[in-house]
Amino acid sequence: MLMDYSDMLGVSEIRNMQMRDAFISKLYEKVKHDKDIVIISNDYGAVSLDKFRNDFPDQYINAGVSEQNIISMAAGMAIAGKKVFVYSIASFIVTRCLEQIKIDICSQQLPVKIIAVGAGYAYSEDGPTHHACEDIAIMRTLDGMQIYSPSNAVMTSNLVDISLDTSMPMYIRMDKGIYSNFKEDINYDLGLDVDSLGNDLCIISTGTIHNVAIDLSRILFENGIKSTVVDIFRLKPLNTKLLSKILEDHTHVVTIEEHTLNGGLGSIVADHILDNALNCALKRFGIIEGGIYGYGVREEVRKKLGLNALDMSTSVVDWLK
């Protein structure tokens, strides 16, 4: 049974936090009673991280800009019995450290938790070096790696208990910004949540673009199309039984992700449909080839790629016809 974080901070306060601050603030409460919890970071700051560092200097390590070394350090400390959390920008900690994550962590099935901020185009104006558009595809290939992609800060804060309870490696894909939508009755053991029920279409998303999925369902409803909206916040291990049950009631499925179409959520759902011989037509919205490299305001980048509710609704209506 997960502890209700509202007992400490209050849901209204968590809702107005960055995801990383919601996670680290709850971890801060755990550290008070557990001297084995350690955060390793690479010269990054955050309000909650600064508080953690100041109050628990012996349980925080700034390893500088040395991502590969950080992963190896984390593996060694995990072997020594520490509960290690690595905090970094997603684009750097994944692509720079693939070999170390694969060999040092996954080959030994060490319970290192990688807390990565900057999902998709969260750092859109910083350019392609900061874009994390391939991370799900990369991490889901690694043996034993659990992948979480929360859609809001309240959900993110609840992942602290989950991360401490598992003995497996874990990757948590966090966004940058404040996303206040949340539900109080989510069963986190299920790995996915259903927002509404409609037989015409099933819309599946992950991460904060779930907000766009909800907007899409509202526009489609105005066009007489009733949708089931699913938020898959645990991408690996996938709840295959529940997903099959949902998809069996739908002939048309749409996936939405701020990630490359190669290997991301759309690929996960496509694999599931194929492997289970489900009778579903699938339409995927995501980052197409050639869409990763560039600069711009996030909403402008999304619109250019057709990842906004209005453009997607037009495409879906035409597809359903």
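Rings of Phe, Tyr and Trp (its six-membered ring) are taken to pair if their centres lie within 6.5 Å, with planes under 30 degrees apart counted as stacked, over 60 as edge-to-face and the rest as tilted. In this predicted model, local features need pLDDT of at least 70 and side-chain atom pairs count only at pLDDT 80 or more, whereas totals for chains, interfaces and linings use all residues. Residues are numbered from 1 along each chain as its sequence is written, and side-chain values use heavy atoms, with hydrogens and water left out.

By the ring criterion, the count comes to 4 aromatic pairs. One of them joins F52 and F56, whose rings are tilted, at 5.8 Å centre to centre and 55° between the planes. Y28 belongs with F52 and F56 to one aromatic cluster. Both F52 and F56 are buried (under 20% relative accessible area with a 1.4 Å probe, protein chains only).

Of the 321 residues of the protein, 58% are likewise classed as buried. Along the principal axes, the C-alpha atoms fill a box of roughly 60 × 40 × 35 Å.

The fold comprises 13 helices and 12 strands (DSSP runs of H or I with at least four residues, and of E with at least two). The radius of gyration is 19 Å, close to the 20 Å that the globule rule gives for 321 residues, so the protein is as compact as a globular protein of that length (C-alpha atoms; the rule is 2.2 Å times the number of residues to the power 0.38).

How values were computed
Buried means under 20% relative accessible area, exposed over 50%, partly exposed in between (1.4 Å probe, protein chains only).
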